[in-house]
Amino acid sequence: MNNNCIWCNITESEKKYLLVNSRYWNVFLADKQDYIGRCILVLKRHCESLAQLNGEEWAELKSLVEKLEVVITKSLGANMFNWSCLMNDFYKSETPNPHLHIHVRPRYNSPITINGKTYNDEEYAHHYDNHKQNKLTESEKETIYNLIKEVLDV
């Protein structure tokens with residue numbers, strides 16, 4: 001644990017959209033839903049890079065990647081996924097304190113409807129747009145969370 005790390009000091013209220021609490025990783029539905037069903041996998045221990053993962057953490061990460069792709073495909077209809085571990089924002093600080101986390105952006109070749117509102121993946125089959133705005137209301141985000149959680153818990 002690192003006292004100056006945002007991920008090491010996440011509050012209970014910030015865990016509202018926790019999807020998976022495994023031995024080494026937490027998986028959250030991301031606050032920013034620029035891509036429908038976007039999630040963040042956060043290593044539970046403070047670690048600065050992928051190269052520092054131990055064998056058990058790698059194995060569990062692989063298992064989570066497989067599980068999330070199946071679950072998000074079943075619950076939301078995604079048909080491909082963009083995975084990224086960029087860590088750039090940590091290094092914008094004068095005193096960087098990176099904590100390993102990985103983003104998954106589900107991608108859709110067909111429109112997806114949430115609470116009666118239809119969304120299109122405008123960049124499908126292209127690089128994701130890192131400057132895209134949040135697409136979902138809080139109610140829609142809760143619906144997405146519940147749809148994913150329902151399939152996860154089966």
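**Notebook: spaces, core and cysteines**

I began with the largest pocket and noted that strand 5 gives the most to its lining, with three residues. A strand here is a DSSP run of E of at least two residues, a helix is a run of H or I of at least four, and both are numbered from the N terminus. I keep in mind that this is a predicted model, in which local features need pLDDT of at least 70 and side-chain atom pairs count only at pLDDT 80 or more, while totals for chains, interfaces and linings use all residues. Residues are numbered from 1 along each chain as its sequence is written, and side-chain values use heavy atoms, with hydrogens and water left out.

**Entry 1: the pockets**

I looked up the space in the largest pocket and found about 740 Å³. Of its 23 lining residues, those closest to the centre are Trp7, Ile40, Asp89, His101 and His103. When I asked which elements give two or more residues to this lining, I found strand 2 (25-29) and strand 5 (101-107). By class I wrote down 11 nonpolar, five polar and seven charged residues for the lining of the largest pocket.

For my own reference, on a 1 Å grid over the protein atoms alone, a pocket is an open set of points with protein on both sides within 12 Å along at least five of seven lines, a cavity is a set where a 1.4 Å probe fits but cannot get out, and lining residues have an atom within 4 Å of a point. A volume is the space filled by probe spheres set on the points.

I then turned to the second largest pocket, which holds about 150 Å³. Its lining includes Met1, Trp7, Cys8, Asn26, Phe28 and His99, and strand 2 and strand 3 (39-43) each supply at least two residues of it. I sorted this second lining into seven nonpolar, two polar and two charged residues.

**Entry 2: the core and Trp25**

Of its 43 residues, Leu19, Trp25, Leu41, Ile72 and Ile148 touch the most other members. The elements that each supply at least two residues of this core include strand 1 (18-21), strand 6 (112-114) and helix 2 (138-152), but the largest share, six residues, comes from helix 1.

Leaving out residues up to four places away in sequence, Trp25 touches, among others, Val20, Leu41, Leu61, Leu64, Leu100 and Ile102.

I found Asn26 in strand 2, where it counts as buried at 14% relative accessibility. Buried means under 20% relative accessible area, exposed over 50%, and partly exposed in between (1.4 Å probe, protein chains only). Not counting residues up to four places away in sequence, Asn26 touches Leu18, Val20, Asn21, Ile40, Leu41, Val42 and Lys44.

Glu56 belongs to helix 1 and is partly exposed, with a relative accessible area of 45%. Beyond its neighbours within four places in sequence, Glu56 is in contact with Arg23 and Tyr24.

**Entry 3: the cysteines**

How many disulfides are there by this rule? I counted zero, taking a disulfide as a pair of cysteine sulfur atoms within 2.5 Å. The closest cysteine sulfur to that of Cys8 is in Cys5, and at 3.7 Å it is too far for a bond. For Cys39 I found the closest cysteine sulfur in Cys85, at 16 Å, which is also too far for a bond. Cys8 is buried at 13% relative accessibility, and Cys39 is buried at 0%.

**Entry 4: two positive phi values**

Most residues other than glycine have a negative phi, which made me stop at two residues here. Phi of Asn115 is near 50 degrees, a positive value, and Asn115 sits in the loop between strand 6 and strand 7 (117-119), partly exposed with a relative accessible area of 46%. Phi of Ala125 is near 70 degrees, again a positive value; Ala125 lies in the loop between strand 7 and helix 2 and counts as exposed at 53% relative accessibility.

Definitions and conventions. Nonpolar A, V, L, I, M, F, W, Y, C, P; charged D, E, K, R; others polar. Core = buried A, V, L, I, M, F, W, Y, C linked by side-chain atoms within 4.5 Å. Contact = heavy atoms within 4.5 Å.
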